[in-house]
Amino acid sequence: MSWRRYGATAEDTKVAGEEFASVLRPGDVILLSGQLGAGKTTFAQGVARGLGVVERATSPTFTMVREHECVNDRGISTLHHADVYRVGSVAEVLDLAIGELVEESAVALVEWGEIASSVFGVDVMRVEFTIDENEGRTLAVTGALADGRSQELDRWAKR
Ligand SMILES: Nc1ncnc2c1ncn2[C@@H]1O[C@H](COP(=O)(O)OP(=O)(O)O)[C@@H](O)[C@H]1O
Ligand SMILES: [Mg+2]
């Protein structure tokens, strides 16, 4: 199955992320893919808003995983936001240990997730971003984890 949503503007894409938060449960790993500038970070900022991120943990420029504390009623207390664009190998992704980070009450969003997909296995959701000629973005959600959330994703895609 695949669920689609269109973001005509950056704010639309952010709102798509914000509302995507209601699909998420503790332990989820979401792989974001699409070319540079496709809207992955914009979407992640919306997810952060939807999960009630209250504090932006200070982090060095080259940290590839940022941790955000969340306040929401979904049982999700931490958002891990990773960008593995500069990662050179699958071994380096493993070193980031994102899978371990999400064990408990956390969720992970991984930009350039297609690079890391072999690390995370099949129990993930993928969000693929494509740019159209009018600067709009089409978001397509797929994956085994998505198939188990069809009700929530139907609602998300209808908006
Ligand atoms: N419909 C849209 N959705 C998302 N971003 C858009 C859209 N239209 C224009 N933009 C702009 O495109 C850029 C997307 O950047 P970003 O989210 O950092 O992409 P990525 O993380 O995929 O490289 C931002 O400057 C944003 O303002
Ligand atoms: Mg980005």
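Guide: A nonpolar core is a set of buried Ala, Val, Leu, Ile, Met, Phe, Trp, Tyr and Cys residues joined through C-beta atoms within 7 Å. Buried means 20 or more other C-beta atoms within 10 Å of the residue's own, with C-beta atoms placed from the backbone. The model is predicted: local features need pLDDT of at least 70, side-chain atom pairs count only at pLDDT 80 or more, and totals for chains, interfaces and linings use all residues. Residues are numbered from 1 along each chain as its sequence is written, while chains are lettered from A and ligands numbered from 1 in the order in which they are written.

The largest nonpolar core has 42 residues. Ile30, Val47 and Val110 touch the most other members. Strand S6 (residues 106-111) gives the most to this core, five residues. Strands here are DSSP runs of E, at least two residues, and helices are runs of H or I, at least four, both numbered from the N terminus.

Take Val47. Beyond its neighbours within four places in sequence, Val47 is in contact (C-beta atoms, placed from the backbone, within 7 Å) with Gly17, Glu18, Phe20, Ala21, Leu79 and Leu109.

Now Phe43, in helix H2. Phe43 is buried because 28 other C-beta atoms lie within 10 Å. The C-alpha atoms of Phe43 and Lys14 are separated by 4.8 Å, though the two residues are 29 apart along the chain.

Conventions: A residue is buried if 20 or more other C-beta atoms lie within 10 Å of its own, exposed if 12 or fewer, and partly exposed in between; C-beta atoms are placed from the backbone. Two residues are in contact if their C-beta atoms, placed from the backbone, lie within 7 Å.
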